[in-house]
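Reader: I would like to learn how to read the features of a structure. Can we go through one together?

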Amino acid sequence: LALVVGAPREDHANGVRTARALLLAVLAAVLLFTLLPMLLVEGLFLRRLGRYRQQVETLLRRGHLSTRFPTSGGDELGNLGQALNALLDQTERSQERLAQQAAHDELTGLPNRLAFGRTLGDLRGRGEPFAVALIDLDDFKGINDTLGHEVGDEVLRLAAARLTGALPAGALLARLGGDEFAVLLPGVGAEDASARTRALLDTLAAPLPTGTVTLWVRASAGVSCWPQDDTDESALLRYADLAMYRAKATGGGVQRYHAGLSQDAQRRSELERSLRGVLGRGELWLAYQPVVELGSGAVVGCEALLRWQSPVHGAVSPAQFIPIAEERGLIHEIGAWVLREACTLAARWQRGGRPLRVAVNVSAVQLRGAHFARDVAAILRDTGLAPSLLELEVTETAVMANLCAATAQLTELRALGVSVALDDFGTGYSSLELVRELPLDKLKLDRSFVMGAERDPRRQAIVASILHLAGALGLTVVAEGLETPEQRELLLTLGCPLAQGYLYARPLDERALGEFLRDERRQAGATEVNISRVV
Ligand code: C2E
Ligand code: MG
Ligand code: MG
């Protein structure tokens, strides 16, 4: 500027031009060095960054992790894309793991209640018929209580594997919790549902080798069908559950739902309420059914049968209320009362010079109690009954529920001098191995074999072979439910030594039993029949 101010006019103009050019050059340089990098940054990075932002927005919008970040460029942005993709992969994997955990049962790996409910909903939406089966292992609690939870877990895993192996195509097996499994059978109508479920249960029948012990595990199942029984999902499950409980109460197997079961469930819960405090209210009593020597007709013992006379429900059958008492843990108290009552009566007969062996039914739950044998010993001591005059009846199901503990208890009881009978023989497993292994004195041939045996050669063959087996093993046989003279003749011919049934006497109260025995003496002539013999 000094140059321009002090210079002649021409130079002055030149100077201005030069300065302007200089200024323009500086401006151009400034623009070149600031805008160009900005444009480059915009072109190369900001636009790519924008794509990353869009990806993030897509991820957030869609809520799933299927989109991936661009990884091209081989620069820091490319590396960032790779790192973000790796993060997404990892998140996706843990999401899958969580979803798997939320819908699956950890122990068996089967779908759980949640997954089952979803599939049930989907099936309903499709509108094709399907069946729901609930399968529950019988007396699983007994396995857990006596063999421990590890064996229990192993049983569940093995049962799950067996059932999975037997599933028809398209069916879904889930574990709903505890020892309860559920099966969805798509396309299976009401006419096939029970048979399909039975086929599944059959796969559980073979022994389960758990590593430490081999167990015979049985299961019961209830079946409901869509759309016949109900169109509502939760009702279908509830009905299958009701049917399953009925199956359990009637000795296992498969039960298809019917409307009567809902009424039964109502009655059951009413009975359950009334059953509490039943002993204190004096509503229970014992009936005694004489056991007779078939050849001589002499009474050799009696079976104590529990009776409940409820002011609300009237006379309730033990077949109805004992399972409830077992389930609700009331059977210990009730069972102990039965034992004491029966032993007290038998001790009175013993003191009166007419020893009569009394048989008492023992439930699986009682047998599982660690102190059972000790409690029996205490009752014998208190009542003064000779142990040889007490017989305990156990069912195969009760014993199988917990073979080891049952065997130990029965051995201890026999060591006391108490005898043991296997009740309802032929209706449960009828395992010859079991009969060989158990400490037993007697087999009680179930009523179903006696019923109609006089007209049915097949039943006769079964009775004959059971008698033969018992003879070979040194066991006595009592035939149950003898109703006709023809049955008596048949059993005598086949060599059955003892029987009980309506032909001789119905279960009698204490007084009626006394009269029955007095009549027997009178008829036979007190000295002719050896009534003091106890078999
Ligand atoms: P159970 O031990 O097999 O008893 C025999 C059942 O057959 C009794 O039924 C008896 O009344 C019935 N009965 C006897 N003779 C005949 C006959 O000729 N024809 C027919 N149709 N039936 C006959 P009840 O008294 O209803 O007992 C049912 C079951 O309840 C018993 O079967 C037993 O398993 C159980 N129970 C009874 N009392 C007790 C008890 O004190 N404790 C336990 N845990 N269970 C018991
Ligand atoms: Mg019995
Ligand atoms: Mg029986």
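Reader: In S13, which residue is the bridge partner of Glu391?

Author: The model is a predicted one. The bridge partner of Glu391 in S13 is Ser419. Five bridges join S12 to S13, and the two strands run parallel.

Reader: In which sense do S11 and S12 pair, parallel or antiparallel?

Author: S11 and S12 pair in the parallel sense, over four bridges. One residue pair to look up is Val358 with its bridge partner in S12, Leu390.

Reader: How many residues of strand S12 are buried?

Author: First the general idea. In a regular strand the side chains alternate between the two faces of the sheet. As for strand S12 (residues 390-395), five of its six residues are buried, so it is mostly covered.

Reader: Which residues have the most contacts inside the largest nonpolar core?

Author: Again the general idea comes first. In soluble globular proteins, nonpolar side chains tend to be buried together. Here the largest nonpolar core has 78 residues, and Leu390, Leu392 and Leu443 have the most contacts inside it. Helix H11 (residues 331-351) gives the largest share of this core, 10 residues. Another core, of 31 residues, lies apart from it and includes Leu110, Ala133, Ala160 and Leu200.

Reader: What does Leu443 touch, not counting residues up to four places away in sequence?

Author: With those neighbours set aside, Leu443 touches Leu422, Phe425, Val435, Ile466, Ala470, Leu475, Thr476, Val477 and Val478.

Reader: Why does Asp423 count as buried?

Author: The cut-off for buried is under 20% relative accessible area. Asp423 counts as buried because its relative accessibility is 6%. Asn361 has a relative accessible area of 30%, so it is partly exposed.

Reader: Where is Asp138?

Author: Asp138 is in the loop between strand S1 (130-137) and helix H5 (140-147). At 16% relative accessibility, this residue is buried too. The side chains of Asp138 and Lys248 are joined by a polar contact of 2.7 Å. Leaving out residues up to four places away in sequence, Asp138 touches Arg218, Ala219, Ser220, Lys248 and Gly252.

Conventions. Residues numbered from 1 in each chain as written. Chains lettered and ligands numbered in written order. Predicted model: local features only at pLDDT ≥ 70, side-chain atom pairs only at ≥ 80, totals over all residues. Heavy atoms only, no water. Buried < 20%, exposed > 50% of the residue type's maximum accessible area, 1.4 Å probe, protein only. Polar contact = N/O pair within 3.5 Å; in protein donor to acceptor, adjacent residues only side chain to side chain. Contact = heavy atoms within 4.5 Å. Pairing = 2+ DSSP bridges. Core = buried A, V, L, I, M, F, W, Y, C linked by side-chain atoms within 4.5 Å.
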